[in-house]
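I opened this model to see how its inside is put together. My notes follow, one topic at a time.

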Amino acid sequence: MPSPAPGAGSLPAAPGGALDDLRASVGLQIADETLLRSIAGGLTEVEKLLREVVRSDVQAVNDAALHLVEAGGKRFRPLFTLLAAQFGPKQDDHVIVAAAAVELVHLATLYHDDVMDEATMRRGAESVNARWDNTIAILTGDFLFAHASRLVADLGTDAARIIAETFGELVTGQMRETVGPGPGDDAVAHYLTVIAQKTGSLIATSGRFGGMMSGAAEEHIEALRRFGDIIGTAFQISDDIIDIASPSDELGKAQGTDLREGVRTLPMLYALADPETDPRLIELLSGPIADDALVQEALELLRVSSGLDRARVTLSDYAQRARAELTALPASPARDACESVADYLVARTR
């Protein structure tokens, strides 16, 4: 077990580059020095626990499981768990365990997603399915799911039930995306439901766990859950917009990833629903685009279409709804930090 969470005793050392990277990636603004040190120390404990939990005596399992853990990432889900725990009176091991568990679930879904997407890179490193094979990637994802369940089992039956329900939401969202909307279904509503299940559900559980493990009031736990659900969906919409609107050097990856994979994201769906959309763009969005010149043409047409503007409006609506949920929480540096993420998601797409 990790040592008691920061905030329960003396403050940890001042945060270093990892928290600065996190600020940059999720727009986190923490002015309060005590909160900053508490979150930084908590994330350090989460990282230690992640590495301890996934280690295996079987070298192949050990290598594959540590591959994405050591690749890093935003760690937004454990961060939000730690922030949510600030609204309760208890700061102990259970908060760290919950934060590590939600990150393990997230990592497990990435292993599976890479197989489904036939990805070759993940977080700047070669994906497991490319470095080993699809079977290893799938089994490693299952291995991480198993360890996440084991961690949550120590948090009580309510937590175990919640994580099981979250697994169901994640799988259902992926199934919805794979099957696609049915005849007569609204494509935009279908897409928003998919990303709420695939992204929002686990972030909602992160906030819920943080509140529960810290002994927060029930109404505060529910507000954190709702905020997480909405902000998770907003994250995906924001990424959809940036994939079209930002140049490659800002993205840190090739532009038009979704176009290349034939994935219709929110700006594309809005554009397709607009009768005034350029017929050439509709033609280009009919399937995956392999040619770089055609990807660039589609991006240019999307940037001047109504789809991008409508997606920005939807994003602003989600950010406003997320901020509204925070009003149920007591004023504090932690609430201000959560609000800063909602503001950032809109600002980064302008």
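**Entry 1: the core**

I looked up the largest nonpolar core first, and it has 98 residues, with Leu144, Ile231 and Leu259 making the most contacts inside it. For my own use: a nonpolar core is a set of buried Ala, Val, Leu, Ile, Met, Phe, Trp, Tyr and Cys residues joined through side-chain atoms within 4.5 Å. Buried means under 20% relative accessible area, exposed means over 50%, and partly exposed is in between (1.4 Å probe, protein chains only). Helix α5 (residues 93-117) gives the largest share of this core, 14 residues. At least three core residues come from each of domain 1 (31-192) and domain 2 (216-349); the domain bounds come from an automatic or database domain assignment.

I noted that this is a predicted model, where local features need pLDDT of at least 70 and side-chain atom pairs count only at pLDDT 80 or more, while totals for chains, interfaces and linings use all residues. Residues are numbered from 1 along each chain as its sequence is written, and side-chain values use heavy atoms, with hydrogens and water left out.

Then I clicked on Leu144. Not counting residues up to four places away in sequence, Leu144 touches Val54, Ala65, Leu104, Leu107, Ala108 and Tyr111. Contact here means heavy atoms within 4.5 Å.

**Entry 2: the whole chain**

I counted 17 helices and 2 strands in the protein chain. These are DSSP runs numbered from the N terminus: helices are H or I with at least four residues, strands are E with at least two. Buried residues make up 50% of the 350 residues. Of the contacts between residues at least 6 apart in sequence, 73% join residues at least 24 apart.

**Entry 3: aromatic rings**

How many aromatic pairs are there? I got 4 aromatic pairs. Rings of Phe, Tyr and Trp (its six-membered ring) pair if their centres lie within 6.5 Å; planes under 30 degrees apart are stacked, over 60 edge-to-face, and the rest tilted.

Phe80 and Phe227 make a tilted pair, 5.6 Å centre to centre with 55° between the planes. Phe80 sits in helix α4 (residues 76-84) and Phe227 in helix α10 (residues 218-245), 147 residues apart, and the pair links distant parts of the chain. Both Phe80 and Phe227 are buried.

Next I checked Phe145 and Phe167: their ring centres are 5.2 Å apart and the planes are at 80°, so this pair is edge-to-face. Phe145 lies in helix α7 (residues 134-153) and Phe167 in helix α8 (residues 157-179), so the pair ties together parts 22 residues apart in sequence. Is Phe145 buried or exposed? Its relative accessible area is 19%, so Phe145 counts as buried.

Leaving aside neighbours within four places in sequence, Phe167 is in contact with Val105, Phe145 and Ser149. I also found one aromatic cluster, formed by Phe76, Phe80, Phe227 and Phe235.

**Entry 4: a loop residue and a helix**

Where is Thr265? I found Thr265 in the loop between α12 (257-261) and α13 (266-273). Thr265 is buried, with a relative accessible area of 1%. Beyond residues up to four places away in sequence, Thr265 touches Tyr191, Asp240, Ile244 and Asp258.

Last, I looked at helix α17 (residues 333-347). Its buried residues include Ala334, Ala337, Cys338 and Val341.
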